[in-house]
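Here are my comments on the model you sent, as numbered points. Please keep the structure open while you read them.

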Amino acid sequence: MDSINSVLVYVMPILHIVVNAVTLIGAMIVYFKAKKDIKNWNGEDDGIEKTETKMGIAVAFSSVNMILGFVFYGINSYYTFCTDSFNEVLWLVTLGAFAWSLVNGILIQKLFIDLIKKINPEKKGNIFSVKFNKDWMKSCDEAEKQAIYKCGYKAYKVGFSVAFIISPNSTCII
């Protein structure tokens with residue numbers, strides 16, 4: 001078990017950085033393609049729906065990256081403080097990777113929300129505002145609100161299922 005712990009102490013921060021980098025690169029590829037599509041858009045709804053779907057997927061991946069950031073941070077903290085493998089440099093790498101995952105998520109969402117505002121100028125809200133969700137929901141029509149509510153409920157169900165599966169298993173790790 002000690003050999004696994006000593007390997008994971010070094011692998012987990014590197015894996016965290018790799019996941020951050022892949023998420024950022026993937027999101028930026030989608031962002032620049034979407035920006036080009038919007039620039040070439042003629043105002044008709046035909047082609048822009050595919051672009052909006054791709055943007056939504058990129059934002060979802062950035063959200064998953066933020067969640068994984070918390071998971072990696074917890075695992076890295078465990079291996080840093082609860083084993084005999086404390087290393088100051090690895091701890092700083094862990095903190096840096098965690099901060100990077102949070103900043104990644106926020107900035108990626110900011111970029112894509114700005115693109116959505118270009119497509120739909122009626123959309124309101126500043127992502128850095130405390131009232132962003134309230135302002136955004138006010139600018140949505142009833143169909144969009146219904147879709148948001150359905151997605152929220154689906155996310156709740158998935159989160160509950162994942163928590164139900166992980167909770168008993170996480171006690172076995174310690």
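1. The largest cavity in this predicted model is lined by Leu8, Val9, Pro13, Asn76, Tyr79, Thr80, Leu90 and Thr94. Three helices each give at least two residues to this lining: H1 (2–40), H2 (48–81) and H3 (88–119). Sorted by class, the lining has five nonpolar and three polar residues, and no charged ones.

2. How many cavities of 30 Å³ or more are there? The count is one. The volume of the largest cavity is about 40 Å³. On the method in general, rolling a probe the size of a water molecule over the atoms shows where empty space is left.

3. Which helices supply at least two residues each to the lining of the largest pocket? They are H2, H3, H4 (132–138) and H5 (142–173). H2 provides the largest share of that lining, with five residues. H2 and H3 also each supply at least two residues to the lining of the largest cavity.

4. By class, the lining of the largest pocket holds 12 nonpolar, five polar and three charged residues. The lining of the largest cavity, by contrast, has no charged residues.

5. On the overall fold, the protein has five helices and zero strands. Along the sequence the pattern reads α-α-α-α-α. The protein is more spread out than a compact globule, because its radius of gyration is 20 Å, well over the 16 Å that the globule rule gives for 174 residues. The C-alpha trace spans about 60 × 30 × 30 Å along the principal axes.

6. What share of the 174 residues is buried? Buried residues make up 26% of them; the cut-off for buried is under 20% relative accessible area. The accessible surface of the protein is about 11700 Å², and carbon and sulfur atoms account for 68% of that surface.

7. Last, the contacts. Take the contacts in the protein with a separation of 6 or more: 67% of these are between residues 24 or more positions apart in the chain.

Key:
Residues numbered from 1 in each chain as written. Predicted model: local features only at pLDDT ≥ 70, side-chain atom pairs only at ≥ 80, totals over all residues. Heavy atoms only, no water. 1 Å grid on protein atoms, 1.4 Å probe; cavity = no way out; pocket = protein on both sides within 12 Å on 5 of 7 lines; lining within 4 Å. Points joined across faces, edges and corners; volume = space filled by probe spheres on them. Helix = DSSP H or I, 4+ residues; strand = E, 2+ residues; numbered from the N terminus. Nonpolar A, V, L, I, M, F, W, Y, C, P; charged D, E, K, R; others polar. Rg over C-alpha atoms; globule rule 2.2 N^0.38 Å. Buried < 20%, exposed > 50% of the residue type's maximum accessible area, 1.4 Å probe, protein only. Contact = heavy atoms within 4.5 Å. Areas by Shrake-Rupley, 256 points an atom, 1.4 Å probe, with all protein chains shown as cover.
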